Amino acid sequence: MKESTMNTFAQVFPAMVTPMHEDGSFNYETAKKHMDWMIDEGIGGMGILMASGEYQSMSLEEHKAYVNEMVPYAKKRGVSVIVGASRERVEDVVELMENAREAGADAAMVLPSFYYNQGQNEIYDHYKYINDHSGLDIMVYNNPNVTSGITTETMKELYKLEHVKIVKDASMVIDVMTDYIFEAEKAEDAAVLCGCDYLLYSAYATGAIGWISMTANILPRLSAEFHKAMIVEKDYQKGLELYKKLYPVVNMTERFPKPSQAVKYVLEDVYGFEEGICRRPRRGLSEEEKKTVLEMSDIVRLSKE
């Protein structure tokens with residue numbers, strides 16, 4: 001792996017929630033305050049408009065406007081930035097990617113197309129088109145829970161594309177992630193980031209270089225300390241102890257069925273950020289769900305450590 005890839009992408013990337021006013025407009029002031037707090041706590045990357053950021057509930061124009069505001073702000077703070085740019089139409093993906101590239105992003109996170117059950121050759125063609133029509137580096141996103149899964153054989157071919165630098169695996173199956181990691185190590189310039197919070201320790205111990213993290217939205221310092229222990233210090237025992245501290249939250253963010261709403265609720269109730277609503281079809285949490293989030297995550301206690 002080239003040093004430039006390691007320096008850029010060996011980070012924790014919080015999959016940032018997107019603060020919104022009651023009318024659904026973006027709350028840039030809160031977004032920047034939240035970003036500043038995470039960076040000040042030690043976070044070195046930002047994931048903007050990923051799934052927990054509700055990007056699929058936005059028009060192309062809204063997506064581009066948010067990216068144009070938030071990516072330059074993040075880059076001025078000195079962090080790496082990955083922008084979620086998945087769409088059904090590959091032409092729309094390229095449009096969003098080119099806007100993100102011009103705004104200063106380091107890569108785009110891209111799923112295969114949705115709904116249609118693609119063959120592996122069609123998945124390869126999807127990424128080949130993106131590779132050939134945008135100058136922005138690509139984070140291939142494997143998530144068979146929402147679209148067609150990517151086989152190891154196909155991933156080996158994707159690693160050969162010029163702009164494919166990283167993979168986010170959210171299969172929630174450790175052997176799939178392991179296969180991707182070992183194949184990336186054979187490639188000239190590719191690496192894997194953990195995309196399943198509760199497989200975090202296993203992924204890093206196997207060779208993942210970073211983490212796309214919902215948890216880091218609400219526990220940035222502990223998330224950054226875990227990454228440092230595993231990647232910089234190579235102290236896996238220390239990393240394990242930090243993972244045990246993180247585990248109630250990583251368990252909640254992956255297993256609670258409304259993670260975006262849960263993270264926004266925690267940011268408001270525990271930390272005082274004005275996160276606002278989630279867009280349809282997402283609805284707010286019930287009082288019982290709020291209680292479950294706090295109990296399941298143990299976030300009130302962890303936020304004080």
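In this predicted model, Cys 194 is buried, at 0% relative accessible area. Its sulfur lies 6.0 Å from the closest cysteine sulfur, that of Cys 196, which is too far for a bond. A disulfide would require the two sulfur atoms to be within 2.5 Å. Cys 196 is accordingly in no disulfide, with the sulfur of Cys 194 as its nearest cysteine sulfur. Cys 196 is also buried, with a relative accessible area of 0%. The disulfide count comes to zero.

Trp 211 and Phe 226 form one that is edge-to-face. Their ring centres are 6.4 Å apart, and the planes stand at 75°. Trp 211 belongs to strand β8 (residues 210-213), whereas Phe 226 belongs to helix α9 (residues 220-232). The pair therefore ties together parts that are 15 residues apart in sequence. Trp 211 is buried, at 0% relative accessible area. Phe 226 likewise counts as buried, with 0% relative accessibility. Both residues belong to a cluster linked by ring pairs.

Helix packing was then considered. Two packed helices are described by the angle between their axes and the distance between the axes. Helix α10 (residues 236-255) packs against helix α12 (residues 287-297) at an angle of about 140°. The axes are 7 Å apart. Angles over 145 degrees would count as roughly antiparallel. The two helices are therefore oblique to each other. On the α10 side, the contact involves Pro 248, Val 249, Asn 251, Met 252 and Arg 255. These meet Val 293, Met 296 and Ser 297 of α12. By class, this contact has five nonpolar, two polar and one charged residues.

Helix α11 (residues 259-269) has eight of its eleven residues buried, so the helix is largely enclosed by the rest of the structure. The buried residues are Ser 260, Gln 261, Ala 262, Val 263, Lys 264, Tyr 265, Val 266 and Leu 267. Their cover includes α10 and α12. Also among the covering elements are α2 (28-40) and α13 (299-302).

Note on methods. Residues are numbered from 1 along each chain as its sequence is written. This is a predicted model: local features need pLDDT of at least 70, side-chain atom pairs count only at pLDDT 80 or more; totals for chains, interfaces and linings use all residues. Side-chain values use heavy atoms; hydrogens and water are left out. Axes are lines fitted to C-alpha atoms, for helices over the stretch in contact, and angles run from 0 to 180 degrees between N-to-C directions. Helices (H or I, at least four residues) and strands (E, at least two) are DSSP runs, numbered from the N terminus. Angles under 35 degrees count as roughly parallel, over 145 as roughly antiparallel, 65 to 115 as roughly perpendicular and the rest as oblique. Contact means heavy atoms within 4.5 Å. Ala, Val, Leu, Ile, Met, Phe, Trp, Tyr, Cys and Pro count as nonpolar, Asp, Glu, Lys and Arg as charged, and the others, Gly among them, as polar. Buried means under 20% relative accessible area, exposed over 50%, partly exposed in between (1.4 Å probe, protein chains only). Rings of Phe, Tyr and Trp (its six-membered ring) pair if their centres lie within 6.5 Å; planes under 30 degrees apart count as stacked, over 60 as edge-to-face and the rest as tilted.
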